[in-house]
Amino acid sequence: PGSKVKARFAIPEDAPTVLFVGGLDRAHAFKGIGNLLEAFSQLDGKTHLLISGDGDLRPEYEAWARALGVDRRTHFMGRLDDPAVVDAMRSADVLAFPSINAGEAFGLVALEAQACGTPVVASDLPGLRTVVRQNETGLLVKPGSISDLAQGLNRALSDASFRARLSSAAVIQAQKFSWDTHLDGLQKVYQEICASPS
């Protein structure tokens, strides 16, 4: 967790902010960015959407944002470097992870956001349930449902005390996935295997 620097992304400091991080190409169409734009159009008009990522579908998504009338509040930032992604995650009020099918094997971006203290609204898919705990570190919504995604984002954005509780738990959850934790677990497995009789 760290300071919010929304001005770095041309977003007013008091504006509710949703972040998406992911590819905007055909190979990553399952990430659900189209659904996110639709859901975003249903949120309060003061809310901003920050999109980190690039790809061949970006012009289509930008046109979609214009068609929905949310282009002035949707910031397509292209591919951000690691320090900028961290600033974006710290500055966002919530991370959206709207993948639409089980092609999403693991929610690394969701885990990174939680490490920054940012709650996550994600699709209820097996890989994402691994890292996002319902009503504890974020919200899980029906995959592909624009209305459920909009409701989840609105709930996280509109209730500051709920969001603060999610944020605190998110940091603790992310620590369970640290390299040290995984290496300790792997070492324990190796020790058990080596200690067992052949």
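**Salt bridges, cores and strands**

User: Hi! Is Arg 58 buried or exposed, and what is its relative accessible area?

Analyst: Arg 58 is buried, because buried means under 20% relative accessible area, exposed over 50% and partly exposed in between (1.4 Å probe, protein chains only). Happy to give the ground rules too: this is a predicted model, where local features need pLDDT of at least 70 and side-chain atom pairs count only at pLDDT 80 or more, while totals for chains, interfaces and linings use all residues. Residues are numbered from 1 along each chain as its sequence is written, and side-chain values use heavy atoms, leaving out hydrogens and water. The value for Arg 58 is 18%.

User: Which residue meets the side chain of Arg 58 in a salt bridge?

Analyst: A salt bridge needs a side-chain nitrogen of Lys or Arg within 4 Å of a carboxyl oxygen of Asp or Glu. Here the N to O distance is 2.9 Å, and both residues lie in helix H2, four residues apart, about one turn of the helix. Helices (H or I, at least four residues) and strands (E, at least two) are DSSP runs, numbered from the N terminus. The partner, partly exposed at 24%, is Glu 62.

User: How many residues apart are Lys 4 and Asp 93, which form a salt bridge?

Analyst: Their side chains meet at 3.9 Å, N to O. Lys 4 counts as partly exposed at 39% relative accessibility, whereas Asp 93 counts as buried at 11%. Lys 4 sits in the segment before S1 and Asp 93 in the loop between H3 and S4, so the pair, with Asp 93 that buried, links distant parts of the chain. The separation is 89 residues.

User: How many residues make up the largest nonpolar core?

Analyst: Such a core is a set of buried Ala, Val, Leu, Ile, Met, Phe, Trp, Tyr and Cys residues joined through side-chain atoms within 4.5 Å. Val 18, Leu 36, Ile 51, Val 121 and Leu 153 touch the most other members. Elements giving two or more residues to this core include S1, H1, S2 and H7. The count for the largest core is 28 residues.

User: What is the bridge partner of Val 121 in S6?

Analyst: Strands S5 (residues 120–123) and S6 run parallel and are joined by four bridges, where pairing takes at least two DSSP bridges. Both faces of S6 (residues 138–141) are covered, with Gly 138 and Leu 140 buried on one side and Leu 139 and Val 141 on the other. The partner of Val 121 is Leu 139.
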